[in-house]
Amino acid sequence: MWGSRRDRDRSAVVCIACGESRSREDAREYDKQGNRWDRRDKEFEYLCKECFRDLSHQPRDDLEALLVDVEAAAGGDSQEAYVEAYQREVTRRYGETKADAEDTEEHRD
């Protein structure tokens, strides 16, 4: 029915970063929800090992939800609208950063 795990691991996958087709053995599994062990009703994406190494491996709690909310707020108007919506939402959720506060001080001078 499912075939052996060894056969699945040898199937070809496409890297979502560079678009290259790789064997499953030469790729890393990626789950947007962050829990790759809960496999029920999920379609996984893959990154080749080179692209995976280039990624930031910092925590990304709530990042997907943030980006979905920002995209809805920006309305798909433009890249500038998206960036402005992102900055507003990050400030609303997490408060002003030290760099933002310093920029505000510089503009007052």
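A residue is called buried when its relative accessible area is under 20%, exposed when over 50%, and partly exposed in between (1.4 Å probe, protein chains only). The model discussed here is predicted, and local features need pLDDT of at least 70, side-chain atom pairs count only at pLDDT 80 or more, and totals for chains, interfaces and linings use all residues. Residues are numbered from 1 along each chain as its sequence is written, and side-chain values use heavy atoms, with hydrogens and water left out.

Helices here are DSSP runs (H or I, at least four residues), numbered from the N terminus. Helix α4 spans residues 79–94, 16 residues in total. From first C-alpha to last, α4 reaches 22 Å, close to the 22 Å expected at 1.5 Å a residue; that expectation is 1.5 Å times one less than the number of residues. Just after α4, G95 adopts a positive phi of about 85°.

Which residues of α4 are buried? They are A81, A85, E89 and V90. These residues lie on the same side of α4 because they cover an arc of only 160° around the axis, the arc being that of the directions from the helix axis to the C-beta atoms. On the other side of α4, Q79, E80 and Y94 are exposed.

The cover over the buried residues of α4 includes α3 (63–74). Contact means heavy atoms within 4.5 Å, and A85 touches V70, A73 and A74, not counting residues up to four places away in sequence. A nonpolar core is a set of buried Ala, Val, Leu, Ile, Met, Phe, Trp, Tyr and Cys residues joined through side-chain atoms within 4.5 Å. The largest such core has five residues, L66, V70, A74, A85 and V90, and α3 gives the most to this core, with three residues.

Technical notes. Helix = DSSP H or I, 4+ residues; strand = E, 2+ residues; numbered from the N terminus.
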